Amino acid sequence: MVSVAVRVRIIRPLVLTALALLALAYIVPLIWMVLSSFKTNTAIFSTPFALPTHIDLTRWATAWDIGNLGRYALNSILITTVSVLAILGVSSAAAFAFSRYRFRGSGLMLGLLSLGLILPLQSYFIAQSTMFTDLELTDTYWALIIPYTAMGVPLATYLLKVYLDALPEELFEAARIDGAGDLRIYAMLALPLLKPGLATVAVFSALSCWNEFLLALLYIQDDALRTIPTGLLAFSTRYVTDYSLLFAALSIITLPMIAIYVVFNRQITEGITAGSLK
Amino acid sequence: MKPHRFLSPYLFVAPALVVFAFAILTPFVMTGYYSLTEWNGYGDMIFVGLRNYIDAVHDTVFQTSFINVIVYILLTLVVEVLVGLLLAGLVLTVRRGSIWFRVAIFTPVMLPMVVVAVLWSFVYNPDYGLLNAALTELGLESWTRVWLGDEHTALLAICLVSGWIYAGFYMTIFYAALRQVPSEVIEAARLDGGGEWDILWRIRVPLIRNAIEVAVLLCVTGGFQSFDLFYVMTNGGPFHATEIPTTYLVQSVFRTGEVGYGSAMAVILTAVVVTMGLLLAALRRTTGREGRTRRRPLANAKEAVW
């Protein structure tokens, strides 16, 4: 046992140092991005590793003003919020019915929804885009909110059903005996009990809506409606040679997200991993 | 529980089914129909049977796109899954005090992939990019390259970015699984004189086989569906060196207006993704059954390695 203790005492600081170096190397691109946003374009070329001479936020202000970044962020927030709320509402209701009631056709309907767990985006987005063009949905928020909701529902329903299946039947029977109707049982009993599940679903749904790119690229041409991913891409092609401006825009977008992640890292990590492990 | 009113369960399920049927199921079926036609998106639709499929199979660019995506998947299995496993093993030796490390490595996962792609195309930029600057600084000027413009390095460069994003994700999955390995098993192995490295590879890794299989499944099926990184960093170039099925079919449908042909490629890609997914899942089930019949985890672990 002594040897184990010695090994731990020597290895631990060694591994910790290695981890520190590794973490540093890992975030070098992010550090470089922030540092470069404080430099002039010539300094980015000539002294890529030097610290900026002073912290100058004017490039950030310029990027924010001329780059429409506020608009993109607002669009992303709006679309993500509405989609996530829709996913939570629609899926919790469906999960409640699938988990708690036996009714004709439930197996078939659940099976249809489960198709959404295996079908890749590529299997439907071509016809979806012609459909949305015909219905004149493109270049509206709905063009993203509807598919994001539809894409989120199958997995959310599945996960929430797993949560609900674990609850004892007596709970629901008791509410029924007390005279509660179907809607009341769902709203007053199932939803509050589902809170942890809803939180997990909200985290990974929000991130996938926030980061979605392909559909946003195809359905939104109007710059005033762009979300962050497509907006940033448009920005980067518009100011392709103004490097410090581009770095400032990248910093403005990534730093708040990193800050949020550092604060809520446990919830976010759990949410993302739960969402992809199914 | 019996519904209070007969219709209630249907009303609860209806919104989910309606939105899913409208935005996914209907276009899924329609994409299948488009694939049997020649259509530019607005003019007349001509039924051509399976001709698009025959053309797609003989299309050298489409073939290349599949080879590229398979190379990409194989490389990402190394730089994402294997590196993630190694990192998890490393983190496991310190456990406490490693949270800041796990946060740092996981950070790229939650950033929009487009943002990451734009950032990395700066890192790879031949003129002011970080990579060439670092190589020059180290006196390795001859190694500098137009990383994303060079046919030989473009795909590899994208794989590395993919690893940078997802290694932390797989590390997190593996770390969670590794921590659930009962400590008695590990103690027993230590008493038997096993080194930490041996314990990791011969005992811990086989015991978290389930997590590894899930990771491989995610990496393979997710790999076939990639788009964002490729579109932003190279859009299939140079000379189709990074062309993958999705960049090619987006190009066909939305740039050259070959909706029917693009749909056929989409159907082929879907078939591949679904088949791979089901195949890997079936493989897991059969090996899982064998695993369960053998109850002794240690013996099981050793057999799995040798």
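**Close-up views of a predicted two-chain model**

**View 1. Surroundings of B:F174 in the predicted model.** Leaving aside residues up to four places away in sequence, B:F174 touches B:G84, B:L85, B:A88, B:I208 and B:A211. B:F174 also belongs to the largest nonpolar core, which has 173 residues. Within that core, B:F174 is one of the four residues that touch the most other members, together with A:A249, B:Y170 and B:M265. Helix α7 of chain B, residues 154-179, gives the most to this core, with 18 residues. From chain A, the core draws at least three residues from each of domain 1 (2-56) and domain 2 (69-257 + 264-277).

**View 2. Crossing of α3(B) and α7(B).** Two packed helices are described by the angle between their axes and the distance between the axes. Helix α3 of chain B spans residues 60-92, and its axis comes within 6 Å of that of α7(B). The two axes cross at roughly 40°, and the helices are therefore oblique to each other. The crossing in which α3(B) passes α7(B) is right-handed.

**View 3. Domain 1 and domain 2 of chain A.** The domain assignment of chain A gives domain 1 as residues 2-56 and domain 2 as 69-257 + 264-277. Taken over C-alpha atoms, the centres of these domains of chain A are separated by 35 Å. Where they touch, nine residues of domain 1 of chain A are in contact with eight residues of domain 2 of chain A. On the domain 1 side, the elements giving two or more residues are α1 (2-37) and α2 (41-46) of chain A. The largest share of that side, five residues, comes from α1(A).

**View 4. The loop between α11 and α12 of chain B.** This loop joins α11 (228-233) to α12 (245-254) and holds B:P238. The peptide bond from B:G237 to B:P238 is cis, with omega near -15°. B:N235 is placed in the loop between α11 and α12 of chain B as well. Although B:N235 is not a glycine, its phi is positive, at about 50°. B:N235 counts as exposed because it has 12 C-beta neighbours inside 10 Å.

**View 5. A:D139 in the loop between α6 and α7 of chain A.** A:D139 is found between α6 (125-134) and α7 (142-165) of chain A. A:D139 is not a glycine, yet has a positive phi of about 60°. With 15 other C-beta atoms within 10 Å, A:D139 is partly exposed.

Technical notes
Residues numbered from 1 in each chain as written. Chains lettered and ligands numbered in written order. Predicted model: local features only at pLDDT ≥ 70, side-chain atom pairs only at ≥ 80, totals over all residues. Core = buried A, V, L, I, M, F, W, Y, C linked by C-beta atoms within 7 Å. Buried ≥ 20, exposed ≤ 12 C-beta atoms within 10 Å, placed from the backbone. Helix = DSSP H or I, 4+ residues; strand = E, 2+ residues; numbered from the N terminus. Domains from an automatic or database assignment. Contact = placed C-beta atoms within 7 Å. Axes fitted to C-alpha atoms, helices over the stretch in contact; angles between N-to-C directions. Parallel < 35°, antiparallel > 145°, perpendicular 65-115°, else oblique. Left-handed = near helix turned anticlockwise from the far one by under 90°.
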